[in-house]
Amino acid sequence: MVKKNNTYQGGAEEFKGFIRLSSNENNYGPANSVIKTIKKNINHSNIYPEINSQSLAKQIAVFNKIPNENVIVGAGSDEILQMIFHALTKPGDLVMHTKYSFAMYEIFAKAFNCKSVIYDDSSFQFTLKDFKKKYSSKVKVIFLANPNNPTGSIFYRKELLEFIKSINKNTFIVLDAAYSEYIEDSLYSDGLEFVKKYNNIIVTKSFSKIFGLGGLRVGWGYAHINTIKKLYQVKKPFNVNRLASEAAIESLKSKSWLKKQSKLNQMNKNFFIKGLNNTKFEIIDTLANFILIRFRSEKMTNQFSLFAKKHKITLRVLSSYGLKNYIRVTIGTAQEMQIAMKVFNKF
Ligand SMILES: Cc1ncc(COP(=O)(O)O)c(C=O)c1O
């Protein structure tokens, strides 16, 4: 068999019999009503989905109080990122992101022959003023995950707005808000509010995290109509399948379910962090659905990962990100975190 080398190193693929804390999924799964919808729609699997996921785009627009025509739906927000590279960059263009940002920015940059301008965020949290020092108006697209995976760095409305104002209007700013639903602070902004006024902003969002639909692949983007038109030019027809699209529509129907997921995440995370008493690692908390733990050596990091796996827990070793002494731990269900806490303390 030909070995397929994927540049992106994903989390563990095991899930049966494992506690999965490796891919920042919502381990409570989708809402019951969503599962019912998926089951109901299986019978229509012979029928192509809508060509542009129009019904879903409409519901996304209603849910977020934004205009429908400015929304584009993808098979995961990954696909929107790919469309951004495909439609808005040409070989040799500069794109900018941080060193420890979501891996796909750099992977797509390489695939589309762009050059990455990299801001070193070794301190994890950084200021946009500092970030800006590396920027020049030659940069075609800036990618900023807010909050960021895997470091958890986060920016609030005021700082973000000042940054947006300071950037040349010919540079696109992609605000990747894959984890935004976990942030309840009113000073935080997922960036949607900036799109109307600033033509160069593109916000991307995901159904893979809090909505619990990672396995179905749905995400979306929101931008000025001219940008959306360009993205449509590179979008494949029928890119989001029928089950995914119907599930996403259903998952937008209950705001209280969504709020509950965010509360559960906070509760389970606080419980987990409070209960960890192993001095072999340090904890770095984030406001999203994951934390980081830092070990003194790479060897111990790998030993810990194996130890957890032996106890049927999958974690994300961050060596592929260049963070050799770090492991990312997704916050799972209350029961899962109780087990994980005991295992972690035993190491
Ligand atoms: C910051 C960030 N952006 C985008 C994505 C892609 O998510 P998806 O393609 O599942 O919507 C992820 C997934 O882990 C992420 O962490």
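Visitor: In helix α8 (residues 225-234), which residues are buried?
Guide: This is a predicted model, and burial here requires 20 or more other C-beta atoms within 10 Å of a residue's own. In α8, the residues that qualify as buried are Thr227, Ile228 and Leu231.

Visitor: What arc do these buried residues cover around the axis of α8?
Guide: Thr227, Ile228 and Leu231 are the buried residues of this helix. They lie on the same side of α8, because the arc they cover around the axis is only 100°.

Visitor: Which residues are exposed on the other side of α8?
Guide: One side of α8 carries the buried residues Thr227, Ile228 and Leu231. The exposed residues are on the other side, and they are Ile225, Asn226, Tyr232 and Gln233.

Visitor: What covers the buried residues of α8?
Guide: The buried residues in question are Thr227, Ile228 and Leu231. Their cover includes both strands and a helix: β2 (71-74), β7 (201-206), β8 (219-223) and α3 (77-88).

Visitor: In the open sheet of four strands, which strands stand at the edges?
Guide: The strand order is β9-β10-β13-β12, with antiparallel pairing. An edge strand has a single partner, so one of its sides is left without a neighbour in the sheet. The strands in that position are β9 (281-284) and β12 (316-317).

Visitor: What is the bridge partner of Ile283 in β10?
Guide: β9 and β10 form a hairpin with five residues between them. The two strands run antiparallel and are joined by four bridges. Within β10, the residue that partners Ile283 is Ile293.

Visitor: How many residues of strand β10 (residues 290-295) are buried?
Guide: In the sheet order, β10 stands between β9 and β13. Strand β10 is largely enclosed by the rest of the structure, because the buried residues among its six number five.

Visitor: Which residue in β13 is the bridge partner of Ile291?
Guide: β10 and β13 run antiparallel, and five bridges join them. In β13, the partner of Ile291 is Val329.

Visitor: Which residue of β13 stands opposite Val317?
Guide: β12 pairs with β13 (residues 326-330) in the antiparallel sense, over two bridges. The residue of β13 opposite Val317 is Ile327.

Visitor: Of the residues that surround the ligand, how many are polar?
Guide: The ligand is surrounded by 13 residues, and the closest are Gly76, Asp78, Asn149, Ser206 and Ser208. By class, three residues of this shell are nonpolar and two are charged, while the polar residues number eight.

How values were computed: Residues numbered from 1 in each chain as written. Predicted model: local features only at pLDDT ≥ 70, side-chain atom pairs only at ≥ 80, totals over all residues. Pairing = 2+ DSSP bridges. Near = placed C-beta within 6 Å. Nonpolar A, V, L, I, M, F, W, Y, C, P; charged D, E, K, R; others polar. Buried ≥ 20, exposed ≤ 12 C-beta atoms within 10 Å, placed from the backbone. Arc of directions from axis to C-beta. Contact = placed C-beta atoms within 7 Å.
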